[in-house]
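User: Hi! I'd like to go through this structure with you, one question at a time. Could you walk me through it?

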Amino acid sequence: MTTTLNRPSASAHSAPKRALIERLNIFTALALGVISAVVVWRLALQFLPQDSEEAIFFNREDKITLLSMIAWFIGFMVGIGALIGPFRWVMGKDLSHDENMFYAGKDLGVKRYFRYTTDHKVVGIQYLVVTVVIFFIGGVLAMLIRTNLGNPEGGWIHPQAYNAIVGTHGIVMIVATIIMVTGPFGNFIMPIMIGARDMAFPRLNALSLWLIVAAAAPILWGLAIGGISTGWTAYNPLASQAPLGQNGYIMFICIFAISTMVAGANITTTVIRMRAKGMTWNRTPIFIYGVVASVALALPAFPVFFLSQIMSAMDRAIGTSFYDAQHGGSGWLYENLFWLMGHPEVYVILIPAVAALMEMAPVFTRNPLFSFNLAVIGIAGISGLSALVWAHHMYMSGWAPLLNIPFMLTTELISIPTGMLFLVLIGTLWRGRLWVTMPMASVFALLWNFMIGGVTGIYLSDIPADAFLHGSMYVTAHFHYTLMGAGLTGAIAALVFWFPKMTGRIFDAKLSWISFWMVQIGFQIAFIGMFLVGLAGQPRRVEGYAETFNTGNMVTTGGAYLIMAGMLVLLYALIHSWMNGEKASMNPWHSKTLEWTVANPIPLENFDVLPTVTTDAYGYGKEIR
Amino acid sequence: MSTHTTNHHVEDPDVVGSRNRLGVILILVADIAFALSVLFVYFYLKGQNVNDMWLPKATEDTAAVLPLSSSGAWIVTALAGVGLLSHGSALRAAKAKQNSQLVLGSLVALVLSIGAIAYQLNLIFSVNFVMGMGSYYSCYMLIAWLNVVHLALTVFISLGNWNRARLNLYAKDHWHVAIVNVWWIWMFVSSGLGAFALSFT
């Protein structure tokens with residue numbers, strides 16, 4: 001992706017005011033982060049007093065680790081330049097027009113991708129790269145898990161390390177799936193799609209991205225000091241007693257939660273206040289609804305998770321007793337706080353991915369979106385109900401048994417708005433003139449995978465069935481069918497669909513098809529195998545298993561390797577297409593949304609004259625493409 | 001807090017200002033969720049009183065743990081309330097283009113926020129907290145530190161607000177002062193919610 005810019009004068013570049021801004025980039029951030037962490041670590045070692053004899057669960061090492069991680073975070077954010085704007089505001093020296101242009105990446109070429117750049121298109125590309133890197137790390141961990149499970153007696157990984165790998169894989173993939181649509185496409189595509197020149201708060205936009213980069217270090221650091229041995233849920237008081245690596249999880253979540261809050265406020269404000277003239281809510285593309293629903297759900301949900309981790313850190317480091325029952329705390333408190341975020345988070349992941357496919361379905365069927373209003377009602381219904389289902393994760397915990405039935409009902413009710421989204425997609429496909437591209441095939445893949453994920457979810461929402469199935473591989477297979485089978489499928493389709501607009505090149509169609517079939521076939525093999533061993537009783541998060549589960553696990557591991565191969569093909573196709581792909585025309589899919597009306601490469605401010613919208617984006621007839 | 005976007009195109013300050021205010025309110029939605037969760041934690045653990053360890057009773061070896069007075073928390077809330085009133089007068093002055101009153105109101109608000117945080121920190125460090133004092137003390141610390149974080153942000157924002165008023169940067173429009181007022185309102189409410197919770201031991 002490039003932008004068309006006029007070069008500023010040399011004197012503007014050499015203005016002394018901009019000297020600091022010009023010097024800061026990812027390398028200064030890394031350097032300052034590392035230096036801060038090392039300095040604080042040394043100081044803490046030197047000056048923090050030893051633990052008292054009464055210290056049971058908390059200790060000096062936790063304090064030192066947490067302080068060092070906080071120092072890393074502050075150092076990194078200072079080093080990338082995130083604090084310049086606020087401090088300049090306090091000093092009354094607002095950024096000049098030239099400085100704002102510099103922040104937007106004007107004339108910086110490829111360097112702007114390594115800076116605190118505010119242009120939403122740059123942030124979108126940065127999000128895409130970060131998402132791919134996170135998926136790569138999570139994928140490697142997944143393959144370690146599956147390879148180890150290829151042998152019934154456990155394999156070559158130490159059980160403690162296996163637990164750490166499972167926990168890290170879980171949280172890394174959850175974060176990757178949360179940002180996989182709203183990050184790259186919500187930032188790059190969404191503002192253009194609504195006819196805006198940028199996001200409402202460009203610097204907050206950059207902040208949300210760099211917070212995620214800053215959060216990556218603690219979780220990798222944590223892997224080196226014991227890892228996350230608790231699974232991604234990090235239940236307390238187990239987490240209070242876990243190795244030092246748990247502090248990495250705590251810091252990771254705290255920083256990521258801030259990023260989510262900032263992004264949520266920014267995206268929501270952008271959509272509410274910056275839509276093009278004439279873009280009424282009835283004319284706003286369905287993808288926008290999906291993105292807004294996702295971030296609006298996350299906005300109140302992630303602070304609760306944030307709090308749960310702050311209390312976890314306090315229990316570990318200073319001996320408070322939020323979760324320690326011996327001293328008046330409660331493990332159920334953690335479970336409630338965690339799942340108050342944890343279940344809406346599933347829809348934070350799913351809704352934008354499904355909405356992206358609903359955006360693509362009319363394009364590739366040349367049909368209008370079937371019942372736009374039903375789609376909006378479905379998204380709103382899922383969003384509303386998702387806040388009322390959290391305790392279905394706690395049926396067997398013993399917390400408030402009388403509430404189990406109400407929570408079972410709310411959980412099963414959520415299948416109604418979900419069904420509406422299915423209906424919209426099927427209605428759009430009905431008698432459509434299909435243009436069978438990989439994104440189009442992904443609509444079918446989503447319908448299949450989401451149906452399996454959804455139906456198995458209904459079983460898990462049922463209290464008697466859950467009594468048997470909870471904590472088993474069946475649960476693992478279920479949520480992979482929803483988050484990966486539906487969510488990731490939608491995100492990959494979005495990548496192929498919007499790739500021409502984001503990079504100016506066409507995504508290699510042949511390789512995208514090869515990858516699609518390898519991943520989808522591998523996925524069915526892997527997770528149907530996992531359903532079977534789960535139904536037979538194999539527990540999740542356990543390194544070894546009985547001989548009777550051997551065949552199912554071999555099948556699952558084989559399927560996982562096929563997924564891995566397909567993903568590597570996709571990665572190759574991404575890099576190859578980006579570097580050498582066929583040049584894309586302005587609107588290769590003949591789509592009717594606004595992002596396809598701007599030229600490639602997209603100008604810095606997207607539109608010279610802001611567009612006026614007079615119809616909705618789905619006015620497709622049956623004309624020949 | 002800056003209202004500038006990267007646009008070449010000049011936007012109406014009222015459009016930018018109201019957009020910025022909406023953004024701040026949405027960020028406050030997250031902070032409100034956080035603060036309400038803190039209250040939930042307080043009342044949940046108080047209600048559960050797990051192992052009778054909300055406020056442990058006296059044993060043969062240890063004395064009973066007694067609750068702290070909530071008056072300190074109410075004093076912090078009162079300081080925040082006066083600060084809000086002072087900032088409110090600054091906002092009215094900004095609307096009326098009376099810069100000297102704007103500067104004075106902003107300065108008083110800044111001083112009160114510094115006083116409030118100093119008092120809050122003094123309250124925290126005067127508590128001889130040790131492990132095993134029960135979950136009440138844990139919750140007390142959580143609410144007190146939440147107040148400190150809010151007050152620290154208030155000091156930062158109020159400092160900028162006063163400085164910008166001093167530099168006469170609010171001559172064109174008063175949106176920044178109005179947005180800072182939104183924060184002050186929430187600061188006062190959140191402090192009051194904390195004090196309210198601590199009144200129930």
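Predicted model: local features only at pLDDT ≥ 70, side-chain atom pairs only at ≥ 80, totals over all residues.

User: How are helix α13 of chain A and helix α1 of chain B oriented to each other, roughly parallel or roughly antiparallel?
Analyst: Residues are numbered from 1 along each chain as its sequence is written, chains are lettered from A, and side-chain values use heavy atoms, without hydrogens and water. Helix α13 (residues 331-365) of chain A packs on helix α1 (residues 13-48) of chain B at about 150 degrees, with the axes 11 Å apart. Angles over 145 degrees count as roughly antiparallel, so α13(A) is to α1(B) roughly antiparallel.

User: Which residues of α1(B) does α13(A) meet there, and how many of the contact residues are nonpolar, polar and charged?
Analyst: With contact meaning heavy atoms within 4.5 Å, W332(A), L333(A), N336(A) and L337(A) in α13(A) meet F40(B), V41(B), Y44(B), L45(B) and Q48(B) in α1(B). Here Ala, Val, Leu, Ile, Met, Phe, Trp, Tyr, Cys and Pro count as nonpolar, Asp, Glu, Lys and Arg as charged, and the others, Gly among them, as polar. By that scheme the contact has seven nonpolar, two polar and no charged residues.

User: Which ring does F364(A) pair with, and where does that partner sit?
Analyst: Rings of Phe, Tyr and Trp (its six-membered ring) pair if their centres lie within 6.5 Å, and planes over 60 degrees apart count as edge-to-face. F364(A) forms an edge-to-face pair with W435(A), at 5.7 Å centre to centre and 75 degrees between the planes. F364(A) is in helix α13 of chain A, and 71 residues away, in the loop between α16 (415-429) and α17 (438-461) of chain A, is W435(A).

User: How many residues of each class make up the contact of α7(A) with α21(A)?
Analyst: The axes of helix α7 (residues 120-148) and helix α21 (residues 550-580), both of chain A, come within 10 Å and cross at roughly 155 degrees. Among the residues that meet are F136(A) and R146(A) in α7(A), with Y561(A) and W578(A) in α21(A). By class, the count is 11 nonpolar, four polar and one charged.

User: How many helices and strands does chain B have?
Analyst: Helices (H or I, at least four residues) and strands (E, at least two) are DSSP runs, numbered from the N terminus. The C-alpha atoms of chain B fill a box of roughly 70 × 30 × 20 Å along the principal axes. From the N terminus on, its elements run α-α-α-α-α, giving five helices and zero strands.

Conventions:
Axes fitted to C-alpha atoms, helices over the stretch in contact; angles between N-to-C directions. Parallel < 35°, antiparallel > 145°, perpendicular 65-115°, else oblique. Phe/Tyr/Trp six-rings, centres within 6.5 Å; stacked < 30°, edge-to-face > 60°.
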